[in-house]
Amino acid sequence: MNAQTKPTPALAADKDWWRGAVIYQIYPRSFQDSNGDGIGDLNGITSRLPHVASLGVDAIWISPFFTSPMKDFGYDVSDYCDVDPMFGTLSDFDVLVDTAHKLGLRVMIDQVLSHSSDQHPWFAESRSSRDNPKADWYVWADPKPDGTPPNNWLSIFGGSAWQWDSRREQYYLHNFLTSQPDLNFHNPDVQDALLETVRFWLDRGVDGFRLDTINFYIHDKQLRDNPPLPVADRDDSIAPRVNPYNHQLHLYDKNQPENLDFLKRFRALLDEYDATTAVGEVGDAQKGLEIMGEYTAGDERVHMCYSFEFLSGSQPDAARVAHVMGRVDEVVSDGWACWAFSNHDVVRHASRWDLSPAAQRAFATLMMCLRGSACIYQGEELGLPEADVAFEDLQDPYGIEFWPEFKGRDGCRTPMAWEKSNQNGAFTTGNPWLPVSHAHLPLAAAEQEKDPGALVHHYRKAIHFRKAHPALVKGAHDRVQATGSVVHFIRSHGAEEVFVAVNLSGDPAVIDMPSGQWQQIGQELGSTTAAPDGKLHLGPWQPALARRTV
């Protein structure tokens, strides 16, 4: 496939394919190793795409595979337009895209625009002097008279967000590791250069992007101090409880209004290509949904965003789901959400929420019925729990910094278990970069394929159920309500209405069936039927699904 290859006509037919799409996230280091070095790679992903396609998902999102010193495992980019040798080559990527498209899968890739690696040539030039052509491509500031950093901003990875550089005798901003300096989006040349890297991948045939830390792009030009956040308002959904990052209200280090102008430029570039999309990661504990609403409103910004409402530590009960969806109705009414329960940055939700197999099925069914797009993380369809990684095996600098109160992100990043035939789960013939969890081997994909009652088949059924009903893909919903432990709502699109109720509890529940003539659907998902008196009697973790034409 050459660099100008576009998606097949069948894939390009619906420019709004992203609305209601199901996206499968792949963490490339841990998906499949093809050459025995213990690290997953692009050819490994290509070899496992039939599994992904068999789930019925619409697209894959591949976490970063660009050239990088791997201090933050690819989220520190040193060349935006090449593949790191550990993952393969540009030709390998071309084959991956071509194979995915032939399987009916669109390809989204991670774009890390807010910061680069300190090994990027742009930063090497920028730090060399105060008057070179790229001197202001990064965020530099003089120290205070006493030599301390220019303000009180903190890094998510711990400590000050400012790092002293002896070459320029100035501080540079880093919201993450010291080796991840922040790019200066106030400089239009920086924006131009980054957009050209986006165009590079669009010309290579990608269908969209996941935008890392989308609300971190632009900082306050005046470098004003963030105010303190009252203890009662602190939230550990973005950073672990032990991280002082939670002690500030982040008014000035992110979430700046000028970001909207850049997002318009980004969207205009995507609109030059057929049927492309973007989903932004909103990292904010106080205003995540409001920012999602701002960033996805209309058709000039990004298509969709996700925030951390369902990526938090507490299992969402019916009241919580109803509250979140009600807030979305208020502040994202002109935008579009993308929901996820797990990803590469949080404890797997099977463990985070201590879910039984029945509960995992209920939450999978609910996700496929909520208004918005959906993202599932590799291994979620297998019900993989969080892996227990010993301190001596940790790779994540975040976990190493805050151990033992916070064990980092390695537990959700361990390699996929494809077979239980050996201790590495058929992920690699070599020594895996993180150990394969022995608890994962009985849940391996090949084992579940042989068991008709396994979770992977429920995910297939739930995704197929969603795609069979336009109301669940692109439809509106009425007010999402909670009656005891049951969350319930009606989705509608054209003449179709679908009633959804899910008991998010291990105890039986009873609710009223809405009036009207309803046909039971979703029997393959365990859906119950209404009793003659119009009551719905739901067993533990049971859904009730019905349809009518109006």
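pLDDT is the predictor's confidence in each residue, on a scale from 0 to 100.

**Entry 1: getting started**

I began with the confidence scores: the protein averages a pLDDT of 96, and 98% of the residues score at least 70. This is a predicted model, in which local features need pLDDT of at least 70 and side-chain atom pairs count only at pLDDT 80 or more, while totals for chains, interfaces and linings use all residues. Residues are numbered from 1 along each chain as its sequence is written, and side-chain values use heavy atoms, with hydrogens and water left out.

I then looked up residues 1-9, where pLDDT stays under 50. For this stretch the model has 16 contacts (heavy atoms within 4.5 Å) beyond four places in sequence.

**Entry 2**

A note to myself on helix pairs: two packed helices are described by the angle between their axes and the distance between the axes. Helices (H or I, at least four residues) and strands (E, at least two) are DSSP runs, numbered from the N terminus. Axes are lines fitted to C-alpha atoms, for helices over the stretch in contact, and angles run from 0 to 180 degrees between N-to-C directions.

I looked up helix H5 (residues 188-203) against H6, and found that their axes come within 10 Å and cross at roughly 30 degrees. H5 is therefore roughly parallel to H6. For these words, angles under 35 degrees count as roughly parallel, over 145 as roughly antiparallel, 65 to 115 as roughly perpendicular and the rest as oblique.

The crossing of H5 with H6 is right-handed, meaning that the near helix is turned clockwise from the far one by less than a right angle. From H5, I noted Pro188, Gln191, Asp192, Leu195, Val198, Arg199 and Leu202 in the contact; H6 brings Phe262, Arg265, Phe266, Leu269 and Leu270. By class, I have 8 nonpolar, 1 polar and 3 charged residues here. Nonpolar covers Ala, Val, Leu, Ile, Met, Phe, Trp, Tyr, Cys and Pro, charged covers Asp, Glu, Lys and Arg, and the others, Gly among them, are polar.

**Entry 3: helices H7 and H8**

Next I turned to helix H7 (residues 288-296) and helix H8 (residues 318-331), which pack at about 40 degrees with their axes 9 Å apart. H7 and H8 are therefore oblique to each other, and their crossing is right-handed. Leu289, Glu290 and Gly293 of H7 meet Val324, Arg327, Val328 and Val331 of H8. I sorted the residues of this contact into 4 nonpolar, 1 polar and 2 charged.

**Entry 4: Gln111**

Is Gln111 buried or exposed? I found that Gln111 counts as buried, because its relative accessibility is 0%. The cut-offs are under 20% relative accessible area for buried and over 50% for exposed, with partly exposed in between (1.4 Å probe, protein chains only).

Gln111 sits in strand E5 (residues 106-111). Leaving out residues up to four places away in sequence, Gln111 touches Phe66, Thr197, Val198, Trp201, Phe209, Arg210, Leu211 and Asp212. I also checked Gln111 against His458: they are 347 residues apart along the chain, and their C-alpha atoms are separated by 32 Å.

**Entry 5: backbone notes**

Thr213 has a phi near 40 degrees, a positive value in a residue other than glycine. I placed Thr213 in the loop between strand E9 (208-211) and helix H6 (259-270); Thr213 is buried, at 6% relative accessible area.

Ala275 is not a glycine either, yet its phi is positive at about 55 degrees. This residue is in the loop between H6 and strand E10 (277-281), and Ala275 is buried at 8%.

Last, I looked at the peptide bond from Trp403 to Pro404, which is cis, with omega near 0 degrees. Pro404 lies in the loop between helix H11 (397-402) and helix H12 (445-449).
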